[in-house]
Amino acid sequence: MTPGPGRDRTFGALGALLALYLVVPVAVFLVHLGQNGVAGLHRHGFLAALGVSLVSASISTGIIAAGGVPLAYLLARRKGRAAALASVLVQLPLALPPLIAGILLVSVIGPYSAVGRLFGGRLTDSLAGIVLAQTFVAAPFLVIAARSAFGAVSSVHEEVAATLGLGAWARFARIALPLAAPGIAAGLLLSWLRAFGEFGATVVVAYHPFSLPVYTYVSFGSRGLPAVGAPVLASVVVAVAVATLAGLRR
C-alpha cells in the first residue's frame with residue numbers, strides 16, 4: 001500500500017519543521033553577526049584556543065584510527081556473545097552524558113589515581129588530558145561507521161583471497177580496507193568533528209589549556225553573547241566544512 005498525497009504532505013511538514021528547527025539558530029546567528037560584526041576575533045586567547053582544538057582533535061583522530069579501524073574489522077567479522085558485549089561497551093560513551101564521561105576519566109587518569117601519579121599528574125589540565133577526553137567520546141563514531149563499512153564488504157572476497165594464499169593481515173589491508181575506505185573516511189571525519197566540539201568531558205579533565213568550546217563557555221559566562229561571535233563562527237564554519245566532507249565520502 002503506497003502512501004497517499006495527504007500522508008506525503010504530513011511527512012513533508014514534519015520533516016520541514018525539524019529541518020527548520022535545526023537551521024534557524026544558525027541563520028539567526030549569522031544575521032546578528034552581519035548586523036553587529038564579528039566580536040572577539042582579536043580577543044586574547046581566541047586563536048590559541050582554536051589552535052588547541054585543531055591540534056588535539058587531529059591527534060585524537062589519529063589515535064582513534066590506529067585502534068578503531070582494526071577493532072571495527074574484528075567486530076564486523078566476529079560473532080557471538082563476546083563480540084556483542086564488545087559492541088555495547090564501545091558504544092557506551094555515546095550513551096553517557098559528556099560530564100559523566102569526564103568524571104569517569106578523572107577516576108582513572110586524575111592526579112590522585114595510580115595512572116595519574118605514574119605520569120606525575122600531567123594527564124589532566126594539559127593537552128594530553130584534552131586528547132584523552134576527546135578520544136573517549138569521539139571513538140565510537142569511527143568504530144560504528146567502520147564496522148558498518150566492513151560489514152557491507154562480502155566475506156567472499158576475503159575467502160577467495162585466502163585460497164590464493166593471502167594471510168589475514170594481507171586480506172585486511174588489500175581487500176577489506178580499500179573496499180570499506182569511504183565509510184571509514186566518513187567515520188574519521190565525524191570523529192574529528194566530535195573531538196573538535198567536545199566540551200563536557202574536556203572541561204572536567206582539562207580546564208586548561210582552553211580548547212575552543214571551553215574558551216567560548218568562559219567568554220560567554222563573563223561577557224555574554226556579544227563576546228563570542230568569533231569562536232561560534234569558527235565552530236560553525238568548521239562543522240559545515242567537515243560535515244560536508246563526511247557526506248561526500250559516504
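# Close-up views

**Leaving aside neighbours within four places in sequence, Val214 contacts Phe199, Thr202, Val203 and Tyr207.** A contact here means heavy atoms within 4.5 Å. The model is predicted: local features need pLDDT of at least 70, side-chain atom pairs count only at pLDDT 80 or more, and totals for chains, interfaces and linings use all residues. Residues are numbered from 1 along each chain as its sequence is written, and side-chain values use heavy atoms, with hydrogens and water left out. Val214 belongs to helix H10; helices (H or I, at least four residues) and strands (E, at least two) are DSSP runs numbered from the N terminus. The relative accessible area of Val214 is 0%, so this residue counts as buried (buried is under 20% relative accessible area, exposed over 50%, partly exposed in between; 1.4 Å probe, protein chains only). Gly197 is 17 residues from Val214 along the chain, and their C-alpha atoms are separated by 9.5 Å.

**The whole protein chain, for orientation, has 11 helices and 0 strands.** Along the sequence the pattern reads α-α-α-α-α-α-α-α-α-α-α. Taken along the principal axes, the C-alpha atoms fill a box of roughly 65 × 65 × 30 Å. The chain has 250 residues, and buried residues make up 35% of them. Of the contacts with a separation of 6 or more, 76% are between residues 24 or more positions apart. The protein chain exposes about 14100 Å², with 72% of this area supplied by carbon and sulfur atoms; the areas come from the Shrake-Rupley method with a 1.4 Å probe, and for residues only the protein chains shown count as cover.

**Helix H2 (residues 46-77) crosses helix H10 (residues 212-223) at roughly 145°.** The axes of H2 and H10 come within 7 Å. From H2, the contact is made by Phe46, Ala49, Leu50 and Ser53, and from H10 by Leu212, Pro213 and Tyr215. The H2 and H10 residues in this contact divide into 6 nonpolar, 1 polar and no charged. In this classification Ala, Val, Leu, Ile, Met, Phe, Trp, Tyr, Cys and Pro are nonpolar, Asp, Glu, Lys and Arg are charged, and the others, Gly among them, are polar. The axes are lines fitted to C-alpha atoms, for helices over the stretch in contact, and angles run from 0 to 180 degrees between N-to-C directions.

**The largest pocket holds about 210 Å³ of space.** It is lined by 10 residues, of which His32, Leu33, Asn36, Leu225 and Pro226 are the closest to its centre. Helix H1 (residues 5-36) gives the most to this lining, with 4 residues. The lining of the largest pocket consists of 6 nonpolar, 4 polar and no charged residues. On a 1 Å grid over the protein atoms alone, a pocket is an open set of points where a 1.4 Å probe fits, with protein on both sides within 12 Å along at least five of seven lines, and lining residues have an atom within 4 Å of a point.

**The second largest pocket holds about 180 Å³ of space.** Its lining is formed by Pro70, Tyr73, Leu74, Arg77, Ser155, Glu158, Glu159, Ala168, Trp169, Arg171 and Phe172. H2, helix H7 (155-163) and helix H8 (168-196) are the elements that each give two or more residues to this lining. By class, the second largest pocket is lined by 6 nonpolar, 1 polar and 4 charged residues.

**Gly129 sits in helix H6 and is buried, with 0% relative accessibility.** Not counting residues up to four places away in sequence, Gly129 touches Leu123, Val205 and Ala206. The C-alpha atoms of Gly129 and Tyr207 are 9.1 Å apart, while the two residues are 78 apart in sequence.

**Asp125 lies in the loop between helix H5 (114-118) and helix H6 (127-151).** Asp125 is a residue other than glycine with a positive phi, near 50°.

**His208 and Pro209 are joined by a cis peptide bond.** Omega of this bond is about -5°. Pro209 lies in the loop that runs between helix H9 (200-205) and H10.

**Pro182 is a residue of helix H8.** At 39% relative accessible area, Pro182 is partly exposed. Pro182 and Leu248 are 66 residues apart in sequence, with a C-alpha to C-alpha distance of 9.0 Å.

How values were computed:
Grid points are joined across faces, edges and corners, and a volume is the space filled by probe spheres set on the points.
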